[in-house]
Amino acid sequence: MVSTGSSRRTFIAGTAAATAGGALAAGLAAAPTAAAATGAGTGAVPNGRRVAVLGGGVAGLTAAHELAERGYAVTVYERRALGGKARSMDVPGSARGARRPLPAEHGFRFIPGIYHNLPDTMRRIPFPGNANGVWDNLVAPREMMFARAGGREDLRGPIPWPEHSPAELTPEEIRRALTGILQSLVRLPLHETAYFVNRVLVFLTSCDERRNEVWEHTPWWDFVRAARMSNEYQRILAVGITRNIVATKAEEASTRTVGTLGEAFVFNLLGRGADGPPDRILNLPTNEAWIDPWEAHLRALGVEFNIGWTVREVQYGNGRVSGVAVLDPAGARRTVTADHYVSALPVEHARRTWSAALRAADPMLGRCDRLQTDWMTGIQFYLTERAPLVHGHLNCIDSAWSLTAIQQAEHWPARNFPADYGDGVAVDCLSVDISEWDKPGILYGKTAKQCTREEVAREVWAQLKASLNDTGKTLLSDSALHSWFLDPGVDGLGTPNPTNEDELLIHPTGTFHNRPSASTRIPNFFLSGDYVAVDIDLATMEGANASARAAVNSLLDRDGSPAARCTVRPMYRAPEVEPAKRHDLWRYRLGLRNAFDLG
């Protein structure tokens, strides 16, 4: 989740939200025209070409944005709500008087400085009073914390930006900087810190071939030799990095994936290759700060939205996609047609829509069946008093369910939480991500999936208190708990068949080789989503955005379009490290270890 300076802008309450919200309401209220029902669209078509985008999450909205700017008539088909897993939502029945409903979400947004493609899109979405569009709604938390349980001291540290920006990123300079960061923040035994830093250097100086062919098939747990190390090392540098951040088990997670993400954050911390600080969040609930303005902008560009339409099957005939079977909001089956089709659904939903004939036309689609997803879901606790926790993200490193969290009200300066939201009593929202759903909790001894929704809330609250109230101070008080809201995408909890509509792609070893490209062998069919192979090897909003740009570029190529291609920014590569990678390529082809690999 992955799943992050920016300037703060004064926001006149209601202006942008009213504009975007009005556009959304108008779009929902309008009855689809016959042209829209057949995928033909109704707007002006500058280049005479029509595209059906299947899915309205970050990938689908990005594809629609890039295509509309290049003169294509775009219709987006979304079964639920725009924004997908990135959206925020209202807590039903929570508003009183003229206040807004309490804001909820699938999980808190985290937009780190290692992202480049998503921030570029955000700069191109207008927002009242912002010179750089919704990008100016990004703010940087000042600190972060590893919250320990069992009476152990919590580890709190400032986020360094841009305090350290070395002139040269030599291996020795990287070693010195990382050792200092880990010693001051994590406080491991010096020999374990030295060993972990050495493993980081091994990955940083590994050639692409070694990464793709060796580290992709090596679990992170084995790569960092976690089994030999202390419990602190295992919890923070093995489990904490993988389970709490990317919802993948350390014993299974691909070293290539974890290492690529870690490499980017190392360079970000050292002041290189960054769009901004390593930790950034939005200064308003996600829809207010980003999704609603994005929808309004796309409507202004001529994009049409069919919300409540469910994609059932991508149909294939005569060497092309011939249409898409959908269910309209009334449940009637229809077929939509267009010149091109961009599948922007999450992989677990997209692959159900690929017909046997479509799969036969491109065997790459079949490999997507091997991609795995897991649960990483959000719950919000609304508080009647602000808890003195940390001015940023906290990671409950010892929690049974791998909890991460952030208090949000202090980061929303344009909003007065009790005056603007809910019943006027709740003053803050503690937003929590649950990354582990298959291990017993501390309250009921059951996994999260075995618990009812109410038991999940009580269990998460108990685990938070176990991490935060264990040193003699009561940071979270039961008397301050106003209410809670668990992502409605989770259903059937406490029954034999729990379901989750919003699972997260995980990255066990070998995943990289099963990721598809944005371009398929079907000439008018393209893939977009965080499972598509792009430079950031992680299920992220950045990956979704980059894959959409790649899909649009492939579509433009197939169409012979003279329009400018989308810029797809790769991950940063430090020029000082490239000679070491070239040296490692020579060693790898000779069957030798990396020069820093001491075993």
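**Close-up views of a predicted model**

**View 1. Lining of the largest cavity.** Glu105, Phe108, Arg109, Ile281, Leu282, Leu284, Pro285, Thr286, Ile406, Gln408 and Trp412 line the largest cavity. A cavity is a set of points, on a 1 Å grid over the protein atoms alone, where a 1.4 Å probe fits but cannot get out; lining residues have an atom within 4 Å of a point. The volume of this cavity is about 100 Å³, taken as the space filled by probe spheres set on the points. Its lining comprises seven nonpolar, two polar and two charged residues. The model is predicted: local features need pLDDT of at least 70, side-chain atom pairs count only at pLDDT 80 or more, and totals for chains, interfaces and linings use all residues. Residues are numbered from 1 along each chain as its sequence is written, and side-chain values use heavy atoms, with hydrogens and water left out.

**View 2. Histidine 393 in strand β16.** Strand β16 covers residues 393-396 and includes histidine 393; strands are DSSP runs (E, at least two residues), numbered from the N terminus. Histidine 393 is buried, at 12% relative accessible area (buried: under 20%, 1.4 Å probe, protein chains only). Its side chain makes a polar contact of 2.9 Å with that of aspartate 279 (N or O atoms within 3.5 Å, one able to donate a hydrogen and the other to accept it).

**View 3. Strands β1 and β2.** β1 (residues 50-54) has four of its five residues buried. Five bridges join β1 to β2 (residues 73-78), and the two run parallel. Strands pair if DSSP finds at least two bridges between them. Alanine 52 has threonine 75 of β2 as its bridge partner.

Terms used: 1 Å grid on protein atoms, 1.4 Å probe; cavity = no way out; pocket = protein on both sides within 12 Å on 5 of 7 lines; lining within 4 Å. Nonpolar A, V, L, I, M, F, W, Y, C, P; charged D, E, K, R; others polar. Buried < 20%, exposed > 50% of the residue type's maximum accessible area, 1.4 Å probe, protein only.
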